[in-house]
Amino acid sequence: MTQNMTFLRNFFLYKCLFALTFWNHGSLSVEDELFISASNNFPEDGSNQNTKSLPLLYTKSKANLDWVVIQNTTESLSLSEITNYNVKKLVALLSNFRQGSRLQNLTLTNVSVDWNALMEIFQTVWHSSIEYFNISNVKQLSHIRSYDFDYSGTSMKALTMKKIQLTDLYFIQDDLYRIFADMNIADMTIADSEMIHMLCPSSKSPFRYLNFLKNDLTDFLFQKCDNLLQLETLILHKNKFESLLKVSFMTSRMRSLQYLDMSNNLLRHDGADARCQWAESLSELDLSSNQLADAVFACLPVNVKKLSLENNQISNVPRGMVELKSLEELNLASNRLADLPGCGGFASLQFLNIEMNLILTPSADFFQSCPRVRELQAGHNPFKCSCELQAFIGLERQSGGKLFGWPAAYVCEYPEGLRGTELKDFHLSQLACNTTLLLVTALLLTLVLVAAVAFLCIYLDVPWYVRMTWQWTQTKRRAWHDHPGDQGPVLQFHAFISYSERDSLWVKNELIPNLEKGEGCIQLCQHERNFIPGKSIVENIINCIEKSYKSIFVLSPNFVQSEWCHYELYFAHHKLFSENSNSLILILLEPIPPCLIPARYHKLKALMAKRTYLEWPKERSKRALFWANLRAAISINLPISSEAK
């Protein structure tokens, strides 16, 4: 029985609403359709539940209604296409919802009426049961003039006005703004309406929430206003404020202000001598998307807990400029910072956002200087993957997951070869990143290298070879200067003989007689006969080797102990390679044990290992063959007279 009564009561209410809605429109023609849909609104099980809304759905045909009811429920009503032709019917409809009625929410869209009609709508709403009034896309057609608005006895709590267009450009501002400034409601929003000003309320205002986003308000708003003592939230997003100092003065008399949104304005602060004066109660401040630089930190509310400075021109957080001891959340994203800020002035900081700045190598000691920070957002910076970054990469492990967005938001930007590499995949050896260890290692390697080179120089007698090369070069240069037109030395001897003085008897008694007195008239160059007085021994050796077709070396244990024999072997060997000739003849007079050959005679070892040498036979029967082979090796027709020089 109770369920049936509930249904009948709601059905009767719909009949009443229908009668009010179409009052003075005449009877509906057959083409008009009207139906009540109770589906999804009544409980199927017949339980006793309160039904809050039953939608009234109809279509307009030949009735040619002046407005269209979008949705009509027991608590909410939405109407559109309000004009001067049907505004009286709207006022008549709203007049039926006196205080105590269930209608609480009213939405009007596409309103085009004159000033008096608009005020009549507001006045009717003010004395109805409506608590939340939303009106958008309003076009005011006639002159604005003073209106005696009665604010008494209202149920209104919140007013939202969006996209208000004024066609009257010449009016007394107080006639317009005073109506809204003195409204006795808690919440008011006037958005996207090109509003250039708003008056301070005439008396102590009950406003707790004011939202003036997307307007043209300037620094003159609410200056020296003492009647917004209960205001807690003020939103001035996307306006034309320029002075942060004046904004602070605006809030200084708002004793209850907790949240202020000044984002997307033109705010600057030059750090002038004037001291900013913020409301002491202000705990959340949004200054994002302005033109603020480093000096902003000298003009901030001391008790702020949540601060957004995103998308400004901040390049540094000055130390010692201000202490925000209560600050818990700081947003510095999209600025020009080159490093993580310290927490010297932010003792209570827990959340820091520093994304999209210019940080190449962030400080690794951040969490040590900011022990209370629970979350750090530092991604999307142009990180330079180098040794300095290695310590920061270790923060993820040390901090226990405090890096927000890790690892996807942390990517190498420099150097070019590592661009796109996630920081978690970037690794360098400890040796590469430890400067001290690297220097010690390099020093040790250098010492080892120097020691090795010194040992080889001593073992191979490198200084001696350098000295000999220098002397050979100087001798050749002098010869070129003395005879600049010569194409090269003229061969005067078949062979130059190099031997130790201790083997001179064999050379004089065996070698020279058998070669010079035999067939072929072989001419030999011997230092005793052919060295030119006045020239250095080295120069004489080089000249004799250069003027000889072959160089005969009489090898024996005595030979390897002779310094001058070593000189002669070196210069002959140099000629061998420089002229690509086959000019060396080795005669092994006596066997030479390898242990007796000094290390610097490595060329002699190489020659004996690679080249065929003639060994002096002890048996006399084999000596004829020895001399024949030796003659054949040096046999050549000299291009000059056979006279020795």
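Visitor: Over residues 641–645, under what value does pLDDT stay, and how many contacts beyond four places in sequence does the model have for them?
Guide: This is a predicted model. For residues 641–645 it has eight contacts beyond four places in sequence. The pLDDT over residues 641–645 stays under 50.

Visitor: For residues 1–73, how many contacts beyond four places in sequence does the model have?
Guide: Here too pLDDT stays under 50. For the protein, the average pLDDT is 80, and 78% of the residues score at least 70. The number of contacts beyond four places in sequence for residues 1–73 is 97.

Visitor: What share of the protein's residues is buried?
Guide: The protein has 645 residues, with 17 helices and 23 strands. It exposes about 33,700 Å², of which carbon and sulfur atoms supply 53%. The buried share of the residues is 43%.

Visitor: Which strands are among what covers the buried residues of H5?
Guide: Helix H5 spans residues 244–251, and six of its eight residues are buried. Those buried residues are Leu244, Leu245, Val247, Ser248, Met250 and Thr251. Their cover includes strand S10 (233–235) and strand S11 (259–261).

Visitor: Is Asn86 buried or exposed?
Guide: Asn86 sits in the loop between strand S4 (76–83) and helix H2 (87–94). A polar atom of its side chain lies 3.2 Å from the backbone oxygen of Glu81. Because its relative accessible area is 0%, Asn86 counts as buried.

Visitor: Leaving aside neighbours within four places in sequence, which residues are in contact with Met183?
Guide: Beyond its neighbours within four places in sequence, its contacts are Phe122, Trp126, Tyr151, Leu159, Met188, Pro206 and Phe207.

Visitor: Which helices are among what covers the buried residues of H12?
Guide: In helix H12 (residues 504–516), the buried residues are Ser504, Trp506, Val507, Leu511, Ile512 and Leu515. Strands in their cover include S19 (493–498), S20 (524–525), S21 (548–555) and S22 (584–588). The helices in that cover include H13 (527–530) and H17 (623–634).

How values were computed:
Residues are numbered from 1 along each chain as its sequence is written. Side-chain values use heavy atoms; hydrogens and water are left out. Helices (H or I, at least four residues) and strands (E, at least two) are DSSP runs, numbered from the N terminus. Buried means under 20% relative accessible area, exposed over 50%, partly exposed in between (1.4 Å probe, protein chains only). Accessible areas come from the Shrake-Rupley method with a 1.4 Å probe; for residues, only the protein chains shown count as cover. pLDDT is the predictor's confidence in each residue, from 0 to 100. Contact means heavy atoms within 4.5 Å. A polar contact is a pair of N or O atoms within 3.5 Å; within protein, one must be able to donate a hydrogen and the other to accept it, and residues adjacent in sequence count only if both atoms are side-chain atoms.
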